[in-house]
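User: Could you take a close look at the aromatic rings here and walk me through how they pair?

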Amino acid sequence: MKEHEVQNEAEFFRNIFLKYLDNPRYIREQILFSDIFKKLELALKENKKVNIKYSGEIRTINPYLLKVASGEDRSYIFSYCEKNEDYRNYRVANIENISLSKHDIEFKNLEYISCIDKNFDPFLSFGKNISIKINQEGQKLFERVILNRPKVLEKNGDIWILECTNRLAKIYFPQFLSNVEILEPLDLREWFKKELRKSLERYL
């Protein structure tokens with residue numbers, strides 16, 4: 001406060017707080033979790049694996065891309081998780097602890113990593129499609145609900161093909177109720193039938 005020659009302590013701290021709030025979410029995350037971001041950026045620069053604690057579990061990841069999800073302004077680290085033996089996105093803000101490994105990153109599939117870089121979304125929907133039948137009310141709702149909205153690949157009347165994983169569909173489409181019918185894949189269609197039947201039984 002002496003350095004800034006502060007005369008009004010309350011106003012000084014209020015201005016700091018307001019300046020912080022004026023930033024988009026991903027910038028606020030970089031401020032709050034600066035230590036984690038710095039270690040991830042260092043790992044990417046030096047091509048090193050990273051050990052993280054996430055959802056209470058320790059896992060080793062090969063970090064490839066530090067990305068901001070459009071539509072939600074949250075930061076993710078796209079990586080190959082050695083515990084799950086699969087590509088995963090981890091929300092940076094949810095990483096509980098982090099340390100750099102001495103081992104170099106393994107690049108499993110450079111072409112796939114490049115495609116994710118160009119077509120990023122938190123659910124890794126690139127290359128995964130679903131088919132839906134959507135009525136007029138559903139189409140209006142689809143235009144309004146932006147958060148987690150799948151990318152439309154093709155429209156043929158009320159039959160749409162979307163770039164969407166099953167996990168994303170289970171999060172996004174329950175709010176549509178009878179305005180959307182999941183056509184494919186069949187396992188996703190069966191999941192919706194089962195969940196809607198359980199809801200109907202509850203109301204009955």
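Analyst: Happy to. Let's begin with Phe13, which is found in helix H1 (residues 9–21); helices are DSSP runs of H or I with at least four residues, strands are runs of E with at least two, and both are numbered from the N terminus. This is a predicted model, where local features need pLDDT of at least 70, side-chain atom pairs count only at pLDDT 80 or more, and totals for chains, interfaces and linings use all residues. Residues are numbered from 1 along each chain as its sequence is written, and side-chain values use heavy atoms, leaving out hydrogens and water.

Phe13 is partly exposed, with 43% relative accessibility (buried is under 20% relative accessible area, exposed over 50%, partly exposed in between, with a 1.4 Å probe and protein chains only).

The structure holds 17 aromatic pairs (rings of Phe, Tyr and Trp, the last by its six-membered ring, with centres within 6.5 Å; planes under 30 degrees apart are stacked, over 60 edge-to-face, the rest tilted). One of them joins Phe12 and Phe13 edge-to-face, at 5.2 Å centre to centre and 75° between the planes. Phe12 is partly exposed too, at 22%.

Tyr54 and Tyr90 also form an edge-to-face pair, because their planes lie at 65°, with the ring centres 4.8 Å apart. That pair links distant parts of the chain, with Tyr54 in strand E1 (residues 48–54) and Tyr90 in strand E4 (residues 86–91), 36 residues apart. Tyr54 is buried at 13% relative accessibility, and Tyr90 is buried at 4%.

Finally, ring pairs gather Tyr64, Phe78, Tyr80, Tyr87, Phe107 and Tyr112 into a cluster.
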